[in-house]
Amino acid sequence: MGAFITEVRPRWSDMDAYGHVNHANTVTLLEEARVALLFTEAARQGADGMARGVVVARLVVDYLMPLVADGTPVRVAMSVREMRHAAFTIDYKVHSGPLEEMPAVTAQTMLVPYDTANGRPRRLTENERDFLAAYRSGSNGA
């Protein structure tokens, strides 16, 4: 499979006084894309445990060009860069034009599966590891 690609739509209210989608709202767009991967797609493939708890432990965002809310969705391509027993890192490329063009934003999040009932981090399950492995950077889904 390689990258998971989804669309999210910036809202008019996401823009700042300079006409760009501001940082906090860009992070929200990343979150919406991540929910599509880790909750919706993961559940569809039988790895629904992350919907019960996963927290962002680290976030890095790089802006390469402005994002604007012009009524069209942006495409977010996500891949898993690193996987540990109790954490994984997702890379994001946010495109406001064709996917072949340079991304407007790149980002990374380190995520930790979290047991909300016991209030502590947990290890990835085998199903979760298999699901994430299909989206590893450079993966062909094998």
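**Close-up views of a predicted protein chain**

Strand E4, residues 88-95, has 7 of its 8 residues buried, so the strand is largely enclosed by the rest of the structure. The legends below describe a predicted model.

**View 1. Strand E4 and the strands paired with it.** E4 pairs with E3 through 8 bridges, and the two strands run antiparallel. Thr89 stands opposite Met110 in E5.

**View 2. The whole chain.** The protein chain holds 2 helices and 6 strands. Read from the N terminus, the order of the elements is β-α-β-β-β-β-β-α. The radius of gyration is 15 Å, close to the 14 Å that the globule rule gives for 142 residues, so the chain is as compact as a globular protein of that length. The C-alpha trace spans about 45 × 35 × 25 Å along its principal axes. Buried residues make up 44% of the 142 in the chain. Of the contacts between residues at least 6 apart in sequence, 68% join residues at least 24 apart.

**View 3. The surface and its charges.** The accessible surface of the protein chain is about 7600 Å². Carbon and sulfur atoms account for 52% of that surface. The chain carries 15 positive and 17 negative side chains. The centres of these two sets are 7 Å apart.

View 4. Strand E1 covers residues 4-8. Which residues form its covered face? They are Phe4, Thr6 and Val8, while Ile5 and Glu7 make up the uncovered face. E1 is joined by 5 bridges to strand E3, residues 74-83, and the two run antiparallel. Glu7, on the uncovered face, stands opposite Arg75 in E3.

**View 5. Thr26 in helix H1.** Thr26 belongs to helix H1, which comprises residues 23-44. Is Thr26 buried or exposed? Its relative accessible area is 1%, under the 20% cut-off, so Thr26 counts as buried. Leaving aside residues up to four places away in sequence, Thr26 touches Val21, Tyr63, Leu67 and Val105.

View 6. Ala47 is placed in the loop between H1 and strand E2, residues 54-63. With a relative accessible area of 3%, Ala47 is buried. Apart from residues up to four places away in sequence, Ala47 touches Ala42, Asn127, Glu128 and Phe131. Ala47 and Val21 are 26 residues apart along the chain, and their C-alpha atoms are separated by 32 Å.

**View 7. Met50 in the loop between H1 and E2.** Met50 also lies in the loop between H1 and E2. Its relative accessibility is 0%, and Met50 counts as buried. What does Met50 touch, not counting residues up to four places away in sequence? The list is Leu38, Phe39, Phe88, Arg122, Glu128, Phe131 and Leu132. Glu128 and Phe131 are also among the residues that Ala47 touches. Met50 and Val112 are 62 residues apart in sequence, and their C-alpha atoms are 9.3 Å apart in space.

**View 8. Ser96 in the loop between E4 and E5.** Ser96 is found in the loop between E4 and E5. At 41% relative accessibility, Ser96 is partly exposed. Not counting residues up to four places away in sequence, Ser96 touches Leu67, Val74, Arg75 and Ala104. Among these, Arg75 is the residue of E3 that Glu7 stands opposite. Leu67 is also one of the residues that Thr26 touches. From Ser96 to Met65 the C-alpha distance is 9.6 Å, and the two are 31 residues apart in sequence.

**View 9. Tyr135 after helix H2.** Tyr135 is in the segment that follows helix H2, residues 126-133. Its relative accessibility is 4%, and Tyr135 counts as buried. Where does Tyr135 lie in relation to Ser79? The two residues are 56 apart in sequence, but 5.1 Å apart in space from C-alpha to C-alpha.

Terms used
Residues numbered from 1 in each chain as written. Predicted model: local features only at pLDDT ≥ 70, side-chain atom pairs only at ≥ 80, totals over all residues. Heavy atoms only, no water. Helix = DSSP H or I, 4+ residues; strand = E, 2+ residues; numbered from the N terminus. Rg over C-alpha atoms; globule rule 2.2 N^0.38 Å. Buried < 20%, exposed > 50% of the residue type's maximum accessible area, 1.4 Å probe, protein only. Contact = heavy atoms within 4.5 Å. Areas by Shrake-Rupley, 256 points an atom, 1.4 Å probe, with all protein chains shown as cover. Lys, Arg positive; Asp, Glu negative; His and termini not counted. Charge placed at Lys NZ, Arg CZ, Asp CG, Glu CD. Pairing = 2+ DSSP bridges.
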